[in-house]
Amino acid sequence: MSKQHNQEPKRKYAGRGRKIEFDCDQVLHDAMMVFWRNGYDATKYEDLVRETGVQRYGLYKVLGDKDEAFTKVMNHYVGDVNKNLTAPMRETHANLKDIYTYFEKLKHYNNEQPIGCMVCNTIAGNRERSTAISELNEKMLVMLRDSIKNALQGGINQGELKPDTDIDALSHALLGTMVGASTLFRSKLGSDSATTFIDQSLKLL
C-alpha cells in the first residue's frame, strides 16, 4: 500500500507573521512518507522539518507537535491511500475478483517501494502504545476486514463460494495475510517470500 513520493519542489514557510507559501497537502504527504519509512518512534521532528522543507514554526502551525502530526498523517493514510485500495471491495456487487485485485495491488506497490503497510509498521514499532495511534490502527484494520467480508459475501451471493462458507473466519485470515505480507515485504526475505505468502493464502478462496 505504497504511494510514490511526489518529487515536485517543496516551498518554504515564509516566516513568523507572514503568509504560508507552501502546499499543505504536499506537506502532509511528505510527513506521511517520513513516518511511513521510519515508524513513529524513530521519527524526530527534525526529520519532518528536513523532509518537508518547511521551517519548524511553520510546520508546527500546519501539523502541530509530533503526536498531532502523526494523527493527521494516519488519518490521511487511512482515509485516502488505503481507502482507495479497499473501496472496490465495499461496492454492492463486489466479489472474489475484487479481493484478488486488492492483493495484486498490494504486491505491485510493495515491489516498487517495499515499505509495507503504514498501519502494520506502526503496530510492530509503536513501543509507546499511544491510545490515539492504537485507535487509528484499529480503524484501518476493521475497515479492511469489513471490506474483505463484504466481497466474500458477494462471492456467496454470486455463486463463487459455497453458501455455508464461514466468511467471518475467512475475512480474518485474509486480514492476517495482509498484515503478515506487509511485514515480509520489509524483511530480508523480501518480496518473493511475501508474494508466495499471499498466493498461498488466496488458495483458501
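Predicted model: local features only at pLDDT ≥ 70, side-chain atom pairs only at ≥ 80, totals over all residues.
Helices here are DSSP runs (H or I, at least four residues), numbered from the N terminus.

Arg 50 counts as exposed, at 60% relative accessibility, whereas Asp 47 is buried, with a relative accessible area of 15%. Buried means under 20% relative accessible area, exposed means over 50%, and partly exposed lies in between, with a 1.4 Å probe and protein chains only.

## Other salt bridges

A search of the whole structure finds seven salt bridges. One of them joins Glu 51 to Arg 37, whose closest N and O atoms are 3.6 Å apart. Glu 51 lies in helix H2 (residues 45-52) and Arg 37 in helix H1 (residues 24-38), so this pair ties together parts that are 14 residues apart in sequence. Glu 51 counts as buried, at 19% relative accessibility, while Arg 37, at 33%, counts as partly exposed.

Another salt bridge brings together the side chains of Arg 145 and Asp 146, at 2.9 Å from N to O. Arg 145 is partly exposed, with a relative accessible area of 23%, and Asp 146 is also partly exposed, with 38%. Elsewhere, salt bridges that share partners join Glu 104, Lys 107 and Asp 199 into one network.

## The nonpolar core

The largest nonpolar core has 55 residues, and those with the most contacts inside it are Ile 99, Phe 103, Met 118 and Met 178. Such a core is a set of buried Ala, Val, Leu, Ile, Met, Phe, Trp, Tyr and Cys residues joined through side-chain atoms within 4.5 Å. Helix H7 (residues 131-157) gives the most to this core, with 10 residues.

When residues up to four places away in sequence are not counted, Phe 103 touches Leu 174, Thr 177, Met 178, Ile 198 and Leu 202, where contact means heavy atoms within 4.5 Å.

Residues are numbered from 1 along each chain as its sequence is written, and side-chain values use heavy atoms, with hydrogens and water left out. Local features need pLDDT of at least 70 and side-chain atom pairs count only at pLDDT 80 or more, whereas totals for chains, interfaces and linings use all residues.

Definitions and conventions
Salt bridge = Lys/Arg side-chain N within 4 Å of Asp/Glu carboxyl O. Helix = DSSP H or I, 4+ residues; strand = E, 2+ residues; numbered from the N terminus.
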